[in-house]
Amino acid sequence: MPEPLEYPKAMLTRATLDACIKCTICETACPVSAVTPLFPGPKFVGPQAERFRDGESVDHSLDYCSSCGACTLACPQGVQIAELNSQARAVMKEDNMPLRDKLIGQTVLMGKVMTPFAPIANAALGNKLVRTVVEKTVGVHRDAPMPTARLHTFQGWMKKHQPPASPRTRGPVVFFSGCAGGYFEVETSIKTVEVLEHLGYEVIAPKQGCCGLAQQSNGLFDEATKSVLKLCDQLRSGGKDLTIVSASGSCAGMLKHEAHEIMGVDEEKLHDVGTRMREISEFLLELHAAGDLPTDFVRNDITVPYHAPCQLKSQGMGMPAITVMELIPGVKVIESGRACCGIAGTYGLKKEKYDIAQAVGQPLFDMVKEKNEGIAVCDTETCRWQIEKGSGVKTVHPIWLVHKAYGLS
Amino acid sequence: MDSRAVVVGAGMAGLVSAIRLRQAGMDVTLVTQGIGGIQLGQGTIDVLGYVPERVLGQPLAAVTAYGNAHPHHPYAILSADDVRAGVEFLRALLPDTFVGDLERNYLLPTAIGALRPTALPQVTMAEGECTPGKQMVFVGLRQLKDFWPELVAGNVARTELPGGGRVSTRAAWLDLPARANEVDSTPLYYARAMDDPAYRKRFVDALRRVVEPGETVGLPGVLGLADRGAFADITAQLGQPVFEISTIPPSVPGMRLNDALTRLAKDARVKVVLGSQVLCANIDGGRIRSLTVGTTGRPTEYAGEHFVFAPGGFESGGIELDSYMKVSEPTLGLPLWVPEGDLVVADHNAAQPLFSVGVRFDHDMRVLDTAGDTVHENLHVAGGILAGASRWQEKSGDGIALASAVRAADAILESVQNLEGARNA
């Protein structure tokens with residue numbers, strides 16, 4: 001395997017640039033340049049600047065890209081603008097990586113440290129003085145949304161958990177919780193397992209670490225590559241050829257395509273895991289298309305504002321959660337139509353980008369406030385924290401509605 | 001209706017056929033590599049503008065005559081009635097968006113001051129119609145480099161109108177950034193600024209200082225993006241007729257159309273799959289069973305009974321040209337109609353034959369091979385992939401897209417009804 005940064009350096013000179021016809025559609029889709037002149041837009045820092053880069057960055061405004069991927073998704077010509085920019089940023093930051101950006105990617109460490117002391121950790125994160133000190137020393141904005149630590153991890157629950165007595169008619173699947181689903185959004189992981197078991201699956205949840213997404217988005221390709229490959233081994237230990245289901249939309253995307261497309265990880269184990277990975281709504285919709293999803297749902301008369309996270313949209317599969325939720329009688333979904341909630345992984349946590357992330361999210365927060373009947377729905381963890389903090393509306397994973405509709409809660 | 005349709009492409013043709021099929025109750029998935037090309041156009045509905053002389057009255061009659069004279073042109077197969085059906089369907093989807101009645105073409109100034117014919121301008125453009133003796137002031141913004149009022153005013157003033165006479169013009173400038181300290185903004189940022197009533201007020205205050213009584217005010221196409229009341233508000237505040245002129249792509253009036261149609265499709269629950277390329281079709285017994293789509297992780301099969309293929313023409317990547325000047329349709333490998341002679345000619349102002357390369361089709365929008373036989377029973381085509389037109393030069397792209405999109409959808413619906421009728425009989 002080549003040194004991790006050789007790939008992005010080499011990619012800088014090639015990539016998909018030739019396909020760019022300068023139509024500028026990407027700039028119309030960018031949520032960051034829409035709210036701040038500090039970021040001149042994806043075409044400007046991508047296909048334009050790239051021609052002058054020759055390995056070195058010509059423009060540090062590149063760092064204001066949030067890597068939401070809206071540009072790549074919008075490009076009619078198949079230019080991988082966001083990927084190109086992520087690579088260029090990794091090269092740019094190689095020799096001056098801020099400590100904050102190294103720490104912020106340590107999601108497993110954060111979960112491990114916080115879980116045993118959950119009440120203390122939560123109190124500390126709720127404390128203005130502590131957060132101000134953290135902002136000054138580390139650079140994480142004092143008002144940025146932070147996860148709530150739980151006293152129990154998903155793995156802890158899974159060990160004690162007894163599957164239903166009914167026969168496992170559909171065979172085994174592997175469940176991938178992601179770090180947030182393992183330490184913070186434990187309830188979402190539990191509900192997903194319970195839905196899968198209700199459908200008749202045997203759920204295997206091997207011990208698992210981080211996918212490295214947060215490190216990757218901060219340009220730490222070396223560390224991220226190690227993380228993702230280790231995770232591949234762990235998920236593969238669940239069983240050969242089994243479908244891997246995840247309720248963590250962005251982490252699923254890291255394994256499906258980002259590790260390969262952005263960092264150039266080209267190992268068989270990643271390919272194996274990536275092709276088997278299904279985001280939970282995608283998985284349920286596949287069952288439905290095959291006529292294999294029971295729809296004996298309990299009626300739920302509710303209108304829910306729904307935001308499909310940027311990293312879910314990037315997977316190019318549309319918005320399966322909308323179709324799945326609307327299979328439930330009475331459920332009406334209003335899609336946000338927004339490119340991104342602003343947080344974009346760890347972008348919106350950073351003190352110099354916090355205001356931008358809030359401005360990106362504001363129209364979404366307003367829409368959620370206006371349309372909700374008690375809850376909002378979104379598929380990924382950090383986005384839910386961002387929406388919940390910005391709108392004050394409890395924001396849940398789509399599986400919560402499915403779980404309830406099957407009479408499981 | 002249990003049938004499933006898969007539509008490829010999110011331009012005018014793809015969105016419109018998807019919405020029409022969905023409205024009929026079909027389960028519709030729309031797959032598109034990126035955002036469609038609507039915002040790369042002017043945001044007007046062009047039916048037929050040049051044949052090659054300018055079409056002024058009766059564009060639908062011109063469609064018939066042009067089709068009769070050009071047997072390879074889409075208008076030889078799509079009739080004036082098809083064009084009317086397509087345009088009326090769009091107009092019903094987007095009420096209060098357009099002016100015009102298909103009885104004549106409007107003649108509106110472009111951003112370089114040429115007079116361009118179009119059948120249905122947006123409401124925001126209507127006052128730009130050039131009539132003898134009209135007084136126009138074109139107003140630019142110092143921070144917007146894509147609109148040069150002296151250029152527009154000069155060219156419009158020197159143009160003799162078709163019936164004789166001229167427009168009297170003047171140029172003026174405003175110094176008003178779209179957002180603080182930004183010295184070089186795109187029309188998009190201005191349009192977003194105009195969504196804010198407070199900004200609109202500042203804009204109109206500045207405008208009032210440069211506009212004289214009796215003048216019609218020509219502005220760059222930036223008069224609001226999300227706020228569809230922005231134009232009416234600006235006009236009411238100023239108290240004088242105002243119109244906007246689309247700038248270089250992506251045009252704000254085009255974005256408004258694209259946003260509105262995309263929203264309609266999504267709200268109707270067309271399943272829009274954005275960001276994935278169609279890789280190939282899976283064919284069985286003369287019918288397409290599914291399309292393989294390059295989603296991340298691994299490809300996904302989208303099965304259906306009916307398929308509408310609207311990937312656009314050469315400029316959209318719907319048709320490819322290799323370095324040996326060989327053209328191909330890269331997704332489904334469809335047979336192409338290629339005009340005789342050189343595909344690219346040196347004369348910059350001449351019609352480039354390359355743009356007329358495309359697929360042949362029948363009135364049900366089924367693809368025909370060189371022998372005139374149907375290629376796939378359940379594959380229908382629409383929009384820029386159709387052979388025989390130089391859409392950019394004729395100003396015929398929207399008429400072709402709308403007529404073919406509605407024809408494709410209706411042919412599918414007719415075939416389903418025939419099948420159901422046969423079952424019930």
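In this predicted model, Arg104(B) lies over the face of Tyr106(B), at 4.1 Å from the ring centre, a charge being taken to sit over a ring if NZ of Lys or CZ of Arg is within 6 Å of the ring centre and within 35 degrees of the ring normal. In chain B, the charged end of Arg20(B) likewise sits over the ring of Phe89(B), 4.7 Å from the centre of that ring. Residues are numbered from 1 along each chain as its sequence is written, and chains are lettered from A in the order in which they are written. Local features need pLDDT of at least 70 in this predicted model, and side-chain atom pairs count only at pLDDT 80 or more, with side-chain values using heavy atoms and leaving out hydrogens and water.

Rings of Phe, Tyr and Trp (its six-membered ring) pair if their centres lie within 6.5 Å, with planes under 30 degrees apart counted as stacked, over 60 as edge-to-face and the rest as tilted; by this rule, nine aromatic pairs are counted over all chains. The rings of Phe184(A) and Trp385(A) form an edge-to-face pair, because their planes stand at 85°, with the centres 6.0 Å apart. This pair links distant parts of the chain, 201 residues apart, with Phe184(A) in the loop between α12 and α13 of chain A and Trp385(A) in helix α22 (helices, H or I of at least four residues, and strands, E of at least two, are DSSP runs numbered from the N terminus). Both Phe184(A) and Trp385(A) are buried, that is, under 20% relative accessible area, against over 50% for exposed and partly exposed in between (1.4 Å probe, protein chains only).

The rings of Phe297(A) and Tyr406(A) have centres 4.7 Å apart and planes at 45°, so this pair is tilted.
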